[in-house]
Amino acid sequence: MKAKLFPVVIITLLLLMFSAWAVAGTVNEKPKLILQITIDQMRGDFPMRYKDRLGEGGFRYLMEKGTHYINAHFQHADTETPVGHAALFTGAYPSSNGIVAGNWFDMDKQKVIYNCEDDRYPMIGKEPAAGKGRAPTNLLSSTIGDELIISNNGQSRMFSVSIKDRGAILPGGHAGKAFWYSKSDGSFTSSTYYYDNYPAWAKQWNAQKFADQYKDTSWELLHEPSTYVFGKDDDRPFEVDIFGLGITFPHPIKGDSKYFYASLIATPFGDELTADFAKTLIKAEKLGQGKATDFMAISFSVTDYIGHVFGPSSLEAEDNILRIDRLLADLFKFIDDQVGLDQTLIVLSADHGMSEAPEYMQSFGFEVGRLTSEAIVKGTIKEGLKDRLGVSDDVIRLYEHPYVYLNEEEIRKTKYSVAQIETAVAQEIIKVPGIINALTRTDLIKGAFAPTKVNMSILNNFHLKRSGHVHVVADQFWYFYYEMDTTTKLAAIHCSPWTYDTYVPLFFAGYGIPAQKIVRPVTPYDIAATLAACLEIKPPSGSEGNPLVEVLKVK
């Protein structure tokens with residue numbers, strides 16, 4: 001009997017060993033595609049806020065089939081679009097990746113620099129023009145996409161698409177290819193940093209003028225107003241009529257307006273165009289079809305524009321979230337058809353959160369208001385320095401949010417040191433109602449400050465050659481920013497270190513990611529480290545994050 005059982009036992013053991021090797025092979029196998037989605041200004045609570053009305057396949061897919069971190073916060077102070085996008089893909093603080101703000105005064109070049117500005121690389125087909133060139137050269141750290149491409153000598157490919165140039169260029173890194181929307185003609189454009197000429201598929205997409213389908217249409221509600229949380233709040237005086245869209249539904253899209261193409265960025269139609277171009281790219285470039293892992297970054301920008309114009313707690317913002325949900329469902333279905341969701345690792349997060357409009361908070365009893373940088377710089381600081389120290393306002397170079405930059409040459413003409421002027425400026429600024437904190441460059445360098453959460457976030461934002469002499473922080477829920485121009489004001493703003501601006505969603509899904517909700521504190525910097533661990537490559541050069549162990553427990 002024992003002799004007859006022996007072959008059976010051997011065969012069983014061999015089958016078990018083979019099964020173990022097969023499982024191990026599946027676990028170690030790398031995804032064919034990384035799809036990292038950034039939804040600009042998608043505060044962490046937004047998907048959950050409207051969960052009861054979400055459809056199937058979009059946010060519900062991420063919540064129910066993926067890993068959802070519901071306590072993810074940035075740890076830098078200036079929560080702006082370029083700062084957040086750079087942090088998401090480098091896994092680094094602004095102090096390391098160099099993207100400290102939307103614009104900064106470059107001390108070497110002695111001028112204000114836009115975060116993606118590089119005049120050596122004009123737009124494809126355009127003549128060079130001052131301030132119009134675009135490239136990722138101001139990004140000091142490598143991105144996770146860069147590291148993937150470096151790891152296999154360019155066998156992997158990285159593409160990035162967004163309405164905003166900064167939303168495409170910074171995620172695309174140094175080694176990727178980036179495309180962004182043109183508000184002048186509705187095409188998706190790029191610069192000579194990436195191509196000498198557009199790929200044939202991009203030319204074909206642009207030639208079809210897909211944006212023109214929205215001429216003389218309108219943005220209307222998906223459902224009856226009574227079904228919305230903000231259904232009764234469609235006409236509020238602090239909302240902004242931008243590009244002739246009006247402040248109530250339906251929002252007309254005027255085809256004969258000179259602002260027609262620009263107006264689409266403040267409607268859900270802008271994200272629809274972004275998704276269509278991205279899908280065309282994925283199919284044309286055959287992403288996820290090769291032996292090496294490819295990387296696709298898509299940044300949907302419309303939520304940001306709508307939040308600024310109408311406020312994050314508005315009927316427009318609510319309808320937009322429901323539309324994004326549908327957009328994601330359609331995108332995930334497309335990815336499943338082209339690559340397979342089981343072969344695609346999806347990451348979704350945001351570059352920053354959003355504060356409520358001050359008037360909305362006032363309606364609940366908060367004593368908050370609005371102030372602008374112009375009033376502070378031209379008023380309080382300069383007058384205070386003159387009265388206090390007897391120095392002229394020439395010692396103030398400029399205010400470029402969130403920094404006051406001093407003119408050190410002018411300061412040397414006085415009897416005061418730079419540190420003394422910094423301290424005086426900081427002390428004058430905090431006299432302004434609505435300003436709660438001002439931390440000086442000298443104190444940051446010396447470490448002479450209280451290690452509070454806000455102060456540490458300012459330190460994480462500080463770069464020696466790019467940050468200003470004084471970092472200014474508004475009090476909670478106060479509107480504080482510069483005006484877009486002399487006539488246009490925004491309903492609401494972000495850019496602070498408070499939790500409503502640092503709070504973002506963080507999802508991982510597809511590729512065998514477990515279905516789970518995680519409440520422990522994590523940061524968006526952890527994304528790059530997690531992807532690096534999954535891909536078995538080194539993390540980006542300035543990476544501060546830690547691999548998320550729950551995600552790495554692949555089924």
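**Briefing: a predicted chain and its strand pair E13–E14**

Strand E14 (residues 403-406) runs antiparallel to strand E13, and 4 bridges join the two; strands pair if DSSP finds at least two bridges between them. Strands (E, at least two residues) and helices (H or I, at least four) are DSSP runs, numbered from the N terminus. The model is predicted, so that local features need pLDDT of at least 70 and side-chain atom pairs count only at pLDDT 80 or more, whereas totals for chains, interfaces and linings use all residues. Residues are numbered from 1 along each chain as its sequence is written, and side-chain values use heavy atoms, with hydrogens and water left out.

**The strand pair**

- A hairpin of 2 residues connects E13 to E14.
- Within the pair, isoleucine 396 stands opposite leucine 406 in E14.
- Strand E13 (residues 396-400) is largely enclosed by the rest of the structure, because 4 of its 5 residues are buried. Buried means under 20% relative accessible area, exposed over 50%, and partly exposed in between (1.4 Å probe, protein chains only).

**The chain as a whole**

- The chain contains 21 helices and 19 strands.
- Taken along the principal axes, the C-alpha atoms fill a box of roughly 105 × 55 × 55 Å.
- Of the 555 residues, 60% are buried.
- The chain exposes about 22700 Å², of which carbon and sulfur atoms supply 54%. Accessible areas come from the Shrake-Rupley method with a 1.4 Å probe; for residues, only the protein chains shown count as cover.
- Among contacts (heavy atoms within 4.5 Å) between residues at least 6 apart in sequence, 73% join residues at least 24 apart.

**Helix H4**

- Helix H4 (residues 81-90) is mostly covered, with 10 of its 10 residues buried.
- The buried residues of H4 include Pro82, His85 and Phe89.
- Glycine 91 follows H4 and has a positive phi, near 65°.

**Glutamate 428**

- Glutamate 428 lies in helix H16 (residues 418-429).
- Glutamate 428 has a relative accessible area of 6% and is therefore buried.
- Apart from its neighbours within four places in sequence, glutamate 428 is in contact with Thr380, Gly384 and Arg388.
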